Every structure is written in C-alpha cells, then in structure tokens.
Amino acid sequence: MAAQLVELEENFFNCPICLDSFKDPKLLPCLHRYCRGCVKPEVDKSDDKVKCPLCKQECDKPTDGVDGFKTDFHTRNVVEYIQLKKSVAAEEVRKCIGCSNELQVAAFCFKCRGFICRKCHEIHENNGIARDHKEHVLALKDVKDKHLTLEKLGSLKEAPSCSEHPEKLAEICCVDCGNLPICMVCGHHEKHKGHTIRGVRELAAEEREKIEHSMKVLKEQDEKVRGFPAKLAEARKALEDSIAETKAHIRSQYNEEAEKINKKKREADEVLARHKAEVDRKEREEVADLNRQRERELKTVNDKYDKCVSEVKAKAADERGGKDTAASKTKDMLTKKRSYLEKEFVDLISSVDHQGNTNMKTFGELSDQSTQRIKRYDNFVTVVSSVLASRDHWTDVSCLPDMNVSSKSLIEDAKKEFPEIAALSKVTSKAIAIEDAKKEFPEIAALSKVTPKAITPVFAPKANPAPMIKRDDFKSDADYDKYVKEHLRIGMTVRCRKANWRVQVGDTGKVTGFDWNDCFNPTCQWQRLGGTQYVSYSDVEIVDQGIQVGSKVRLQQYAVNPGHGQEGVNPRSVGRVTATDGKNCTVVFPTKKQWKGLLSDVEQVLLLRRSAFQDDSSYSAYVRDTIGVGMAVRCYMDDGMAKVGDTGTVTMMDDSDLGQLRIEVGWQRQGRTHWVKHSNIEILGLRLLSVGDTVRAEQDITIYGLTIRAKGGTGKITGIVDDRSCQISFPRSGKWIVLFSQIELLP
C-alpha cells in the first residue's frame, strides 16, 4: 500500500472543469473533486439537488451552498507536493525562509511553510530549538529521486487547526459534526460539549477498517463490473443477428405469399382464356349450323334465320362480357391482396427496425451507464487507495466516512443484475398472415362453365330499405323496373308479371339468389312449380320485404356502414329475428344471444328442403351458399364415419378447396366431430330438435301399417328416442314416434 506518488497520473489532481491544479478542492459524495470556484456556479443554480458534472450522480444541496461540501485536505496536500516538485525541477534560486538569503534551497519545511537552504536544513535536523520542525521537513533530494511515498508525505503534514480556534492545532475529532478536527477546549467546554468525541488514531483505525472491507467487496465484484461491457457487446451482437434472421424470415414469407397470389392470377388468366376460346368455338359452331340450315330453307325465311344468328351473337357477347367482368373483379381483388401483402411486409420490416433501434438505443444507454459506473468505480478505487496509502489519521477521519457512504451505492450498482439484456438482444415479429391471400377463389372454377349459375349477390343491398312501393304507384314499367333492380333482396316474396319459360303470370315465389352474370336477375323458389327458376328482374314485382320476426338471417358480407358492428358473431352464423321495427332488428345468433343492429346489416336465409329442388346439384349449390355455423344438418350420403341419417351441428367450415366446401359437424351418434363434403349433407334448421320444441308434420305418418293423417298438423316433442326419431304429442291423435325427416321445426 506504500504507493509512490509518481504512480499517480498528474492529471488525476487536475480539476475536470478548469483542467488546472485544484484550488481549494471540494469533495462531492460521489468522490469527484472540483475547485471551489469551478463548482460553485453549478451548486448555486441547483434547487434541491446537485448533479455531479462527471458522473451525473445527484446529491442533496447543502444549506450553506458550496461551502457545505468538505474540503479535500488530502488532495490539497498532494497538489502542494506536485507544485513543489515542479519548482524543484526548475532548480529555481529562492529566498531561504530561515536566513532570508537568496540561495540554492535544500529542503522544504511544512511547519515553516517555506524553502530553507542547506545550513538552515542542518539546523532543523540537529538544533534542539527546531526539533519540533524536524518531522515536517522534506529534503528536495527525495523529490528528485522520486522515493517519496504518500505515507511519507502524510507524515510531513502538521495536524490541522481547530475549526473554532485556528491558532491551536486539532487534537481530537467530533463525530457528531462529521469527524470535525477540534481542540480539547472545544471538545470539553465549549461548542462541542456533549458531542461524541473520539481520538484521531482510534477513529482513523475504525474508518480504515470499514473502507478496507468495502474495498474487499468491490474487488470481488471487479471482474463482473469490468466484464459487463463485453456482456453488453455480446447481447448487442445477438440483437443484430436476431434482426437479420427475423428480416430474412419475413422476406421469405413475403416471397412465398406473393408467389401464391401470382399463381392464382395466372390460373385466373388461363381459365379466362379457355372460357373465351370455348365461347368462340360454340359461337362458330352455332353460326355455322344456322348458316347451313339457312341455305337449305327457302329464301323467304332468310330474315328469320338472320335474326337467330344475331340472337346467338348477342348471347355470346353478353356471356363473354359477364365473364370478363367477373374475371376482372377477381384479378382486381388479387391485385389488392398483393398490395396489402406488400404493405404488411413493409410494416413488419419497419416494426423490426423500430424494435432494433429502440433496443440499440437502450443498449447505448446501458453502455453509457456501465461506462459511468466503471469510471466511478476506478475513481473510487484510486481516491481510496490514495488516502489509505497516505496513512495520515487526520486524512482518514476526514475523507474515509464519505468514502464509506459512497462505497454502498457502488456496491449496490456492482451487484445489480440486468435481466432485460436477454429480452433486448432479440426482436420479435408476427408471421405474415394474409388470410385473404391464402383464400381460394371458387369463382375461378365457375368461369370455366358456360351455363349461368345462381349465387348470392355480390353487392350489398341499400342501407335502411325504404317502405315497399307497389307497381301501381309508378307511371311506367321502366321506372318500376329500376325500383325493383335497386331494392330486390334475398328472402323477398315476388309475383311474376311477365311469363318467362315455365313461370306463368301470377306465380309467386321467394328470392333465393342472383345470377352470376347479372347480380340483379334473381333465382326464385316458385310455389306452383315446386322448384327454382331463374327470371329477369323486369319480369317480377315485389310482394313483401321478406325479413320479419322469425325470419332466419345472417350478417351481410359487404354491409354498408354496419350500425353495431359484428362483435361476437361468426360471419357464416345464421340466427333468428326476435324483434324488428322496420329499421332495426334483434337477432339470436349461436354465439351472441341478443345482437342488435340495422335491418340493412343482415340478409335473409331461406331454409329449404331438398324436395324443393329439381336435382341434387341445385340443392348442393344452395347448401354451399346457405350453410352456417350452428345449423342442424343430416347426412344425405355416407361420408367417412358419417352415415346416412346421422344428425349433428355445424362447428366449422373450410372453403380452401375450389370444388368443395368442407364442413366440420359435431355428430350426435358418434359423439365427436368429423369433416364431410357440403354435397353430402342437407340442412334441417338453425339447431337440432329437443324436448319441448314445436314441430309440424311434413307428411302423413305410417306405423305398423296404420296411416295417421298428420300432414300439416302441429305438436310438441315429448322425448328423444334415438339419433333419428323422437316422440311427439299431437293434440288430436296422441303421442307417436316419428322420424326427424318427417317433421320441421316451427319458430
């Protein structure tokens, strides 16, 4: 510990503000020192807290300002020695303070506070008159030979003066006043009477023991503190690797999804090209047939065949135009999805960059904190080592208490862990999940068919439908046709006013869908025909608005400004209207019991029996457009573990297959879910039948050869026999066991 003064860098004893040797150095609690005049402006402009200009650590502002901070006597003594060393190096001729002669000086007396010549030095060493000066004389040869230690320098210094009696040397310390040096008179009779008084040697030993313990603890943390920057660098490298890896993953996802969309667009182009070629071929064949027939006919009927040719060309043009429009819409939709995918890609990359920049900034702040902590640590070790090396009791009792206080915060900082480094060393990003980009487009397959197909309308109906207006309220057919075109919706009841193939004037029916080529021409379920037939919107008149209490509805896919949103409602779920005032409605959905919204936000769903359709393909198309989560269904054809007649409830749907809609059903008999094709099931209603439901018989019931005239009769279910039959109590005919396929649920 007997460190030589030459081991300390000279700039260690320079003020960090003025960069010159300390003048009246003041010691802050963080152990950084400043000239009194340099730090005074910083202290004066502070309110309650004073911030260290170097380490930015805050401390309480003393009541008497800058003078409230302790004077660093140890640093002041070392600075005096440094100035003395500079003077000796310059070999200046000085005036001896003993004989007053201008001579080459040989020593410096710290008690006389001046240089002395060789003769006066001998007097100080040998003459009894100056024997009390002997301990305080520094030979200049020791300065030149650089053999002076901090311990030796401390022993040369005279004890400090009493704070109350400057003419007297301090003999004891007042602990209550911060180890203040005082004389015996102050300690026992005057200002410090009653305070805790300690001898300087005893107090210095105690303070030295405390600081040595703190130094030992700090030394144990030395490797951790100095290794922290390397740990930060490692975490920063991990963060950079994570950013690069995440960006690469996002880019890979982006390329994969973009390729899927491009593939769909190419498929749409190919289907459209095949369709156009097929239409052209059919046109050429039909025109050729008509031309050959025209040549065989008499010249008098040429006009008739010319008209037929024109009609065929017009039909082909209409069909081609409709397909072009549909294909264009599909391509536009794919283009929009590609744009959305690119935006999602840019947003994710931006998010990763933002996370990375934020984490890098945090690393920078942690690095700055670490650097400041190491500087404080090095400063503390250097200052404490310097004081301990001096082995001056007065310096110990003056400086070591503050150093012990500072060591506590340093130890806390050194032991502090940083668990957030692991989280900061990587960035996270959600996966690119463009559901629409993964969605299949069944309309592409539809483009390859020449025959029209009835589908759900693409465009949403007008919001807030106006009260129904009758045909007689319009001045012309053209005005009424325009009204029907704008207001016709699924579920409305219509009457035929112009004969159209099998549909006769006066026939009534319900709108079940709209034609693919022209979304304004409806497909209707006609009562007299007992099946569906496509007609022109100009051939019908609206009889009623369709949706009322008890109607089955679901949310519009393209609702215009939905009144109350779609929270908690599956878009494919079907519910029952329980109340309506002509503008608003209340609907009971499987996942939301009291949904309230506008009538314009929902569309009616017609639950039709298979017997209402002419063939299986028509009913299959109806099931695909109508089926919803929560509906009760029955297996129509064996499909895996589902057998004909099994009943269940729809739990999920998958439309990723262009040709088939896959339905997940919770089957009653099996007691588990199983996926089936939509073409292999039929819709029973909004839910499965249960005890207490009111039902109606769809046909007479025959049991053991006995026929009961029950068709059209209503009754209540009193028990469930098995997964295919139940017991019903009819008011007139009593209780009978019937099949589920023979009854329908009433609202």
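Figure 1. Lys 56 lies in the loop between β3 (49-51) and β4 (58-60); helices (H or I, at least four residues) and strands (E, at least two) are DSSP runs, numbered from the N terminus. The model is predicted: local features need pLDDT of at least 70, side-chain atom pairs count only at pLDDT 80 or more, and totals for chains, interfaces and linings use all residues. Residues are numbered from 1 along each chain as its sequence is written, and side-chain values use heavy atoms, with hydrogens and water left out. Phi of Lys 56 is near 65°, a positive value in a residue other than glycine. Most residues other than glycine have a negative phi. Leu 19, in the segment before β1 (25-27), likewise has a positive phi, near 60°. Leu 19 is exposed, at a relative accessible area of 65%; buried means under 20% relative accessible area, exposed over 50%, and partly exposed in between (1.4 Å probe, protein chains only).

**Figure 2. The protein chain as a whole.** The protein chain contains 15 helices and 36 strands. Of its 747 residues, 43% are buried. The chain exposes about 39600 Å², and carbon and sulfur atoms supply 50% of this area; accessible areas come from the Shrake-Rupley method with a 1.4 Å probe, and for residues only the protein chains shown count as cover. Among contacts between residues at least 6 apart in sequence, 57% join residues at least 24 apart, where contact means heavy atoms within 4.5 Å.

**Figure 3. Cysteines without a disulfide.** A disulfide is a covalent bond between the sulfur atoms of two cysteines. Here it is taken as a pair of cysteine sulfur atoms within 2.5 Å. By this rule the count is zero disulfides. Cys 96 is in no disulfide, and the nearest cysteine sulfur, that of Cys 120, is 3.5 Å away. Cys 96 is buried, at 1% relative accessibility. For Cys 162, the closest cysteine sulfur belongs to Cys 186 and lies 3.5 Å away, too far for a bond. Cys 162 is also buried, at 3% relative accessibility.

**Figure 4. Phe 110 in a loop between two strands.** Phe 110 is found in the loop between β8 (105-109) and β9 (114-117). Phe 110 is buried, with a relative accessible area of 4%. Phe 110 and Glu 135 are 25 residues apart in sequence, and their C-alpha atoms are 9.1 Å apart in space.

Figure 5. Thr 651 belongs to strand β26 (residues 647-654) and is partly exposed, at 35% relative accessibility. Its side chain makes a polar contact of 2.8 Å with the side chain of Glu 664. A polar contact is a pair of N or O atoms within 3.5 Å; within protein, one must be able to donate a hydrogen and the other to accept it, and residues adjacent in sequence count only if both atoms are side-chain atoms. Leaving aside neighbours within four places in sequence, the residues in contact with Thr 651 are Val 629, Glu 664, Val 665, Gly 666 and Thr 673. Val 629 is 22 residues from Thr 651 in sequence, with 5.4 Å between their C-alpha atoms.

**Figure 6. Gly 671 in the loop between β27 and β28.** Gly 671 is placed between β27 (662-667) and β28 (672-677). At 65% relative accessibility, Gly 671 is exposed.

**Figure 7. Thr 694 in strand β30.** Thr 694 is part of strand β30 (residues 694-697). Its relative accessible area of 27% makes Thr 694 partly exposed. The side chains of Thr 694 and Lys 716 make a polar contact (3.1 Å). Beyond neighbours within four places in sequence, Thr 694 is in contact with Gly 715, Lys 716, Glu 744, Leu 745 and Leu 746. The C-alpha atoms of Thr 694 and Ile 717 are 6.7 Å apart, although 23 residues separate the pair in sequence.

**Figure 8. The second largest pocket.** This pocket holds about 1100 Å³ of space. On a 1 Å grid over the protein atoms alone, a pocket is an open set of points where a 1.4 Å probe fits, with protein on both sides within 12 Å along at least five of seven lines; lining residues have an atom within 4 Å of a point. Grid points are joined across faces, edges and corners, and a volume is the space filled by probe spheres set on the points. The lining comprises 43 residues, of which Leu 607, Leu 608, Arg 609, Glu 698 and Glu 744 lie nearest the centre. Elements that give two or more residues to the lining are β16 (508-515), β17 (522-526), β25 (632-635), β29 (681-685), β30 and β36 (743-745). The largest share, four residues, comes from β29.
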